Structures are given as C-alpha cells and as structure tokens.
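Subject: Structure for your review

Dear colleague,

Please find below the sequence and structure that I am handing over to you. A short account of what was found follows.

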Amino acid sequence: MVVDASDTGDVAWMAISSALVLLMTPGLAFYYGGLVRAKNILNTMMMSVISMGLISMLCVVCAFSLAFKGDFQYAGLQNMDVSNWPGTKIPCLLFAIFQMTFAIIAATIISGAVVERIRFGAFAILISLWVLFVYCPLAYWIWGGGWIAQLGAKDFAGGTVVHISSGSGAFVTAMLLGKRKKSAEQGMPHNVPFVILGASILWFGWTGFNGGSALAADEVAVLAVATTFISAAGGMVSWAALEVIRVGKPSTIGAMTGSVAGLVTITPIAGYVSPMGSLVCGIIGSLICSTASLVLERSHLVDDSLDAFSVHCIGGFTGAILGGFFDTKYGLLYGASGK
C-alpha cells in the first residue's frame, strides 16, 4: 500500500482507537446481558455481538461510502489505498475502519429497547435496514458535508449521528413492538457483576470513541480523553446522589447507568469544552437522563427495556444543547464571539 505523508503517531493512535471502539460492543453485550432475565442473556448478548459481523460487512460493501460520500465511490472499500483521508494524516482505509466501529455500536444500542420481545433474525434485519436508511444518510448530512453540516452543526464524536439516532430508533421500535409480557422477574437484573464489567469496558472503550474522533494524536485528542473521563465520573456520582435523595440509598445499577449517561452527554462536545465544563455537563446530563427514565417508566408510554432512549437519545440531545453554553470557543458562557 502506498500512502502519502501519513503521520505515524496519528496512524498508531487511530488504529488503537479503532480497537477500543470495537471493544465497546462486547462491553455493551455484558452490560445489557446483566440487566435482563437469566433466560434471555444469550439472545441479548448475541444481538450485540452480531453487529460486529453484520454491520462490518455492510460497511465494506456500501455503508461507509454512502455515509461519507453519499454515493458508491468507496463501495467495497475500493479507491482508498493511495492517499490520506482529507484533512487528516491517516490513510483512508484506517479512517473507514474507525468509522465502521461507530456504525457497529450504534446498531447495537437499539437492542437495549427491544430485548426480551424480538426474535434474533428479525433484529438482524432491523439493524441492517436501519444502518442503510437511517444511519448512513444522517452521517452524510453531518459528517460527510451534507445539509446539516452546511448549517454549521457540530458533532464531535457522534452525539447525534450515533446516540440520538439509535436512541430514537430504539424508542420507535419499542413502541411498534409493544410492552413485554408481565413477569415477576421483569425489571430484575440477573447478573449485576456483568453490568459493572460491561459499563467499565464501555468507559474504557470510550477513550477511543471520543479521543479518536480528533483523528490525530494531538492536544484535541488529549482534551477529549480528559473530558470523557471527567464527565463519566460526574454522571456516575450524580445519578447515585439522586437515588439517595429519591429512595434513601444508591444502587450499583444506577451508578453504572449514570456513568454511561455521562459518557453519552459528553460525546458531541468532548473536544470543545473545558475539563471543568465536562464535569458540569456530565452531572447535568446524568440528572436529566435519570429523570427521563423515571418519567418514561411511570408514564407507561413505551417499554424502554434497558433505558436505550432515556440514556442515549436524551443524553446525546442534552450534550448537544449544553455545547451551546460550554463550548470554549463559541459557547454562550464564553461569549458567542469566541473570546
């Protein structure tokens, strides 16, 4: 392979980041698997794992090309081995692999709202169609230079492309499927250590998810890694504190869910806010996600089994809005003029 003027440090970081983001999918499998009833654990975890195979194939065939070119120029990942991706010093093929891992985790998130009431085959068809007809157009509109990008929208690492899209898709799918059959075991996680393991892997992998979105081994990547860690910490503590206020004691599930909410909230703005700003964003995002989960549960509007909508859609949207305040260059709290 001949590559023009690649930066070896950037290449190494992006290769590692790709591996970290891919690791998030089995992490999500453990996280979701621990939250369901014992009889559904294998089906639930496999709904996450199958994305690594199925969505990878789709990305190779056409999904990456549709998402970043809006056509079939890169179908089969052809015409990508002789230059760097525009605006970066990494090979086009490495950029494609990195983005492929994003599509994988996005599709996997949807399973959190439909577990325990959808057949495995039907889910595989669902995520394939969703990636092609929802994820790809949205990615192109925002990251590929489409009409949303032309409006000046900013999405550092996928708050809209990954989390809002998958969370809202999960909500719609859950409404169409209806509620689960009532059971004495429903809502009772069967393996809390799996939840801790899964959330911890997600936190670890999110280093590549947000840090890698700088597309270089530079100060922006460092800032993104720092804000990611800090926001997750704020989300964990604030969700647990809210549980103390509501029910008198924190829970393990709540603390781990809070960390994920903090991670989701910071995703669209990880490279734009200060460390202290990320702490505030993580706290606010976690509190809003927790409240949304409680409201949705009590309203009986939809059976969002594992809070896919409450955490990912609401968290991603909250982060995008908070960016308008905490962005150190364009945020209202810093003067919209950028001073």
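Aspartate 303 has a relative accessible area of 12% and therefore counts as buried, the limit being under 20%. Please note that the model is a predicted one.

**Salt bridges**

Aspartate 303 meets arginine 117 in a salt bridge, with an N to O distance of 3.9 Å. This pair links distant parts of the chain: aspartate 303 belongs to the loop between helix 10 and helix 11, arginine 117 to the loop between helix 3 and helix 4, and the two are 186 residues apart. Arginine 117 is likewise counted as buried, because its relative accessibility is 16%.

The loop between helix 3 and helix 4 also holds glutamate 116. Its partner in a salt bridge is arginine 37, and the closest N and O atoms are 3.0 Å apart. Here too distant parts of the chain are linked, since arginine 37 lies in the loop between helix 1 (8-35) and helix 2 (41-68), 79 residues from glutamate 116. Both side chains are classed as buried: glutamate 116 has a relative accessible area of 17%, and arginine 37 has 9%. The backbone of glutamate 116 deserves a remark as well, as its phi is near 75°, a positive value in a residue other than glycine.

These residues belong to one network of salt bridges, which links Arg37, Glu116, Arg117, Arg180 and Asp303.

A further salt bridge joins aspartate 327 to lysine 154, with 2.8 Å between the closest N and O atoms. Aspartate 327 is in the segment after helix 11, whereas lysine 154 is in the loop between helix 5 (147-150) and helix 6; the two are 173 residues apart and link distant parts of the chain. In the whole structure, the search finds five salt bridges.

**Helix packing**

Helix 4 (residues 120-143) and helix 6 (residues 159-177) have axes that come within 10 Å and cross at roughly 145°. The crossing of helix 4 past helix 6 is right-handed. On the side of helix 4, the contact involves residues including Leu126, Trp130, Tyr135 and Trp143; on the side of helix 6, those taking part include Val161, Ser165, Gly169 and Thr173.

Glutamine 99 is part of helix 3 (residues 92-109). With a relative accessible area of 8%, glutamine 99 is buried.

**Surface features**

Which residues make the nonpolar surface patch of about 600 Å²? They are Phe317, Ile321, Phe325, Leu332, Leu333 and Tyr334. Leucine 332 is located in the segment after helix 11 (308-326). Its relative accessibility of 57% places leucine 332 among exposed residues, because the limit for that class is over 50%.

Histidine 300 is found in the loop between helix 10 (275-299) and helix 11. Histidine 300 has a phi near 60°, which is a positive value in a residue other than glycine. At 52% relative accessibility, histidine 300 is exposed.

With kind regards

How values were computed
Residues are numbered from 1 along each chain as its sequence is written. This is a predicted model: local features need pLDDT of at least 70, side-chain atom pairs count only at pLDDT 80 or more; totals for chains, interfaces and linings use all residues. Side-chain values use heavy atoms; hydrogens and water are left out. Patches are made of residues with over 30% relative accessible area and no salt bridge: like charges are joined within 9 Å, nonpolar side chains (Val, Leu, Ile, Met, Phe, Trp, Tyr) within 5 Å. Accessible areas come from the Shrake-Rupley method with a 1.4 Å probe; for residues, only the protein chains shown count as cover. A salt bridge is a side-chain nitrogen of Lys or Arg within 4 Å of a carboxyl oxygen of Asp or Glu. Helices (H or I, at least four residues) and strands (E, at least two) are DSSP runs, numbered from the N terminus. Buried means under 20% relative accessible area, exposed over 50%, partly exposed in between (1.4 Å probe, protein chains only). Axes are lines fitted to C-alpha atoms, for helices over the stretch in contact, and angles run from 0 to 180 degrees between N-to-C directions. A crossing is left-handed if the near helix is turned anticlockwise from the far one by less than a right angle, and right-handed if clockwise. Contact means heavy atoms within 4.5 Å.
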